[in-house]
Amino acid sequence: VLGSAGVFYYITQKERHPGQQLPHDPEKKTIVILGSGWGATSLLKTLDTTDYNVVVISPKNYFLFTPLLPSVAVGTLSPKSILQPTRYLTRHKKRAVTVIEAEAKEVDPINKTVTFEDDSEIKGAVSHTTIPYDYCVYAVGAEVQTFGIPGVQEKACFMKELTDAESMQRRFKDCIETAAFPGQNPSEIDRLLHIVVVGGGPTGVEVSEIHDFLEDDLKSWYPELAGRVRISLVEALPSVLPMFSKQLIDYTESTFKESKIDVLTKTMVKEVKDGSVILQMPDKSITEVPCGMVVWAGGNKGRKITQDLMANFPEVQNNKRGLTVDDHLRMAGADGIFAIGDCTSTSYAPTAQVASQQGAYLARVFAQLAKKGNLEKRLISLSQTISTASGEEKAQIANDIESAKSQISKVKIRPFHYSHQGSLAYIGSDKAIADLPFANGNIASGGVATYLFWRSAYLSTLFSLRNRVLVANDWIITKIFGR
Ligand code: NAD
């Protein structure tokens, strides 16, 4: 399978080359896409660039398959396997796409410009500029919400970016090696080997995959420490995974219990200190719990650039959860801005699934807009030529005008409709849970078969064959040789 995938990959690589792409055309409209996450990448994947100049601006020049980030943190997958360079995707486009690694600092919805800055460590003579857009696709996502809780920003590990997964892995290994240091006292070993995960949403639950590493690998490498590692999952609400059915919540909690992961519900983290975490227990008492590492998965909030953009339209953009959009994903109040993904506030949960469907929808919208634009141009040119035409030619042009008008009236842009394909989460110990919508209601399933389904679903959701091969390969290698 890998051999034939390799041949296929080689052929598709050879087939097109950026040098053969059409250049940018000043006559065409410019779409500036901000972001390279789920929404932006899904749009780029299917966007026909023939009729547009496309510019992508993002601080990362790659797409990160976030659902598998915890697997990188625990060493099951290598970082390369879950990232896809944005240029890898755009090299297939008919017209060249400009990819700029920079952080957008301001969107001016009145003058229709985007200002961005090079945020890499090495700066050139120019590191700040402004470009105009006809359409802006605002897909900047969200950032980690710390609620201003002391110590979280500085002392906890996050699970949002590749660097977070890498620093969590480093921190975890440090804790183990320090615990294994000769003469380390028993209470210090217990502290170092206590991992506190904050947040019982899907991110926090999936981070508990760290338990797999403890079970599969630590036992043989550090037999003297393996039995002493503890994981606590702290959640402020009465249960973990509120978006899943009661049955799956119970299944997750009982699986965690078997795996000796302590689930502390109705418990709030109040502070993260250097070697401990301060908890407010269900009875409102305050406890200091020693730990070696805190992983923060407490949810997301809008970015500053999003708040600044909203401030331009205080009357229509007043939802704290994010940008308000209409049913065609147009930002309320602004002309030419579409907003998708976690930076918006819609009736759907801010998931990868919603963002990628929104991206694919926008690709269809742009195709329709281009078709309409081309027909309108044709109509103008026909209307100009008809005045100088005569006889049969005139009748023919009149026919063409009627046909163009009728085709324009048929270009209808339908509103965005989200189709929920279900929710999946890996809960460790080769088990996953799935809440799948069916005609007669949701089907909830959990266990090893669901885990195989989870694996195949994630493999097929990966955006490229290259990533599929790399992830499948890593899974096999981990199974044979360990992490
Ligand atoms: P979330 O907002 O879903 O969960 C965060 C949790 O942290 C909440 O339950 C909150 O009560 C808790 N929390 C916050 N502050 C706390 C504190 N001080 N002490 C204790 N608990 C605290 O965040 P998420 O898990 O990062 O998910 C974000 C979005 O991404 C969601 O829409 C989710 O559905 C989606 N997502 C989905 C998957 C999946 O489907 N497998 C995986 C990851 C993320």
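Predicted model: local features only at pLDDT ≥ 70, side-chain atom pairs only at ≥ 80, totals over all residues.
## The domain interface

Interface size is often expressed as the accessible area lost when the parts come together. Here, the area buried between domain 1 and domain 2 is about 1,400 Å². Carbon and sulfur atoms give 66% of that area. In domain 1, three residues lose the most area to domain 2: A73, V74 and V144. Together they make up 39% of what the domain 1 side buries.

## The shell around the ligand

The ligand is surrounded by 25 residues. The closest are T203, E235, A236, V269 and L424. By class, the shell has 15 nonpolar residues, eight polar ones and two charged ones.

Which element gives the largest share of the shell? α8 does, with three residues. This helix spans 202-207. The strand β14 (268-272) also supplies at least two residues of the shell.

## Polar contacts to the ligand

Which protein atoms pair with the polar atoms of the ligand? An oxygen atom of the ligand is 3.2 Å from a polar backbone atom of P202. A nitrogen atom of the ligand is 3.0 Å from a polar backbone atom of V269. V269 is also listed among the closest residues to the ligand.

Y458 uses its side chain instead. An N or O atom there is 3.5 Å from a nitrogen atom of the ligand. Overall, the protein covers 79% of the accessible area that the ligand has on its own, which is 850 Å².

## Two loop residues with positive phi

K112 has a positive phi of about 55 degrees, although it is not a glycine. K112 sits in the loop between β6 (103-108) and β7 (113-117).

K284 also has a positive phi, of about 75 degrees, and it is not a glycine either. The loop that holds K284 runs between β15 (276-280) and β16 (286-290).

Notes:
Residues numbered from 1 in each chain as written. Heavy atoms only, no water. Near = heavy atom within 4 Å. Polar contact = N/O pair within 3.5 Å; in protein donor to acceptor, adjacent residues only side chain to side chain. Areas by Shrake-Rupley, 256 points an atom, 1.4 Å probe, with all protein chains shown as cover. Helix = DSSP H or I, 4+ residues; strand = E, 2+ residues; numbered from the N terminus. Nonpolar A, V, L, I, M, F, W, Y, C, P; charged D, E, K, R; others polar. Buried area = accessible area lost by both parts, 1.4 Å probe.
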